[in-house]
Amino acid sequence: MTHSTSDHTAGQPVTPGETEAIDPAVLDELTRLRDSIDNIDAAVVHMLAERFKCTQQVGHLKAAHRLPPADPAREGRQITRLRQLAESAKLDPGFAEKLLNFIIAEVIRHHETIARSDKGSEGALR
């Protein structure tokens, strides 16, 4: 599979005229790197899915015990921890924090939905 050197997404084909001007070794390396990126992206999606399975269980546990959907103290600890991990991994800690804040916001939204749903279930059981 060949890729354009100007796109940022793997899987974008290069027109036949474009490949003639690019060294085949460069195209091979570009393809190898993009294949690695695709594999990493797939792993990230699967890891996020696993994370959300766990947070869904947390949401049900919180709802069952009437705990609030958000836990600012835990969120703060997680952000601090993730920033430290990012620094040691040579990743921009600000980026890592933005990503975690995005994920946390989605988790809280799920927990709020679960809490509303579980309340409806309790009423139906009574």
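At the start of α2, a side-chain oxygen of D23 comes to within 2.7 Å of the backbone nitrogen of A25. The model is a predicted one, in which local features need pLDDT of at least 70 and side-chain atom pairs count only at pLDDT 80 or more, while totals for chains, interfaces and linings use all residues. Residues are numbered from 1 along each chain as its sequence is written, and side-chain values use heavy atoms, with hydrogens and water left out.

Overall, the protein has four helices and zero strands, so-called from DSSP runs numbered from the N terminus (H or I, at least four residues, for helices; E, at least two, for strands). Read along the sequence, that gives the pattern α-α-α-α. Of the 126 residues in the protein, 24% are buried, where buried means under 20% relative accessible area, exposed over 50% and partly exposed in between (1.4 Å probe, protein chains only).

Helix α2 spans residues 24-64. Buried positions in α2 are L27, L30, T31, R34, F52, T55, G59, K62 and A63. After α2 comes R66, with a positive phi near 50°.

Next, the charged pairs. A search of the whole structure turns up four salt bridges, each defined as a side-chain nitrogen of Lys or Arg within 4 Å of a carboxyl oxygen of Asp or Glu. One of them sits in α2, where R32 and E29 are three residues apart and therefore separated by about one helical turn. Their side chains meet at 2.7 Å, N to O. R32 counts as partly exposed because its relative accessibility is 44%, and E29, at 35%, also counts as partly exposed.

R109 has a relative accessible area of 43% and is partly exposed, as is E106 with 27%. As a rule, an α-helix has 3.6 residues a turn, so residues three or four places apart point the same way.

A further salt bridge joins E97 and R83, the closest N and O atoms being 2.6 Å apart. This pair links distant parts of the chain, with E97 in helix α4 and R83 in helix α3, 14 residues apart. E97 is partly exposed, at a relative accessible area of 25%, and R83 counts as partly exposed at 30%. R83 also has its C-alpha atom 7.3 Å from that of G94, eleven residues away along the chain.

H110 belongs to helix α4 and, at 17% relative accessibility, counts as buried. The side chain of H110 makes a polar contact of 2.8 Å with the side chain of Q56. A polar contact is a pair of N or O atoms within 3.5 Å; within protein, one must be able to donate a hydrogen and the other to accept it, and residues adjacent in sequence count only if both atoms are side-chain atoms.

That leaves the pockets. These were searched for on a 1 Å grid over the protein atoms alone, a pocket being an open set of points where a 1.4 Å probe fits, with protein on both sides within 12 Å along at least five of seven lines; lining residues have an atom within 4 Å of a point. Volume is the space filled by probe spheres set on the points, which are joined across faces, edges and corners. The largest pocket holds about 380 Å³ of space. Its lining has 14 residues, with L48, L82, A96, L99 and I103 nearest the centre. The elements giving two or more residues to this lining are α2 (24-64), α3 (72-88) and α4 (93-125). By type, the lining of the largest pocket comprises eleven nonpolar residues, one polar and two charged; Ala, Val, Leu, Ile, Met, Phe, Trp, Tyr, Cys and Pro count as nonpolar, Asp, Glu, Lys and Arg as charged, and the others, Gly among them, as polar.

The second largest pocket holds about 300 Å³. Lining it are 15 residues, of which R51, T55, R74, V107 and H111 lie nearest its centre. Here too, α2, α3 and α4 are the elements that give two or more residues. The lining of the second largest pocket divides into seven nonpolar, three polar and five charged residues.
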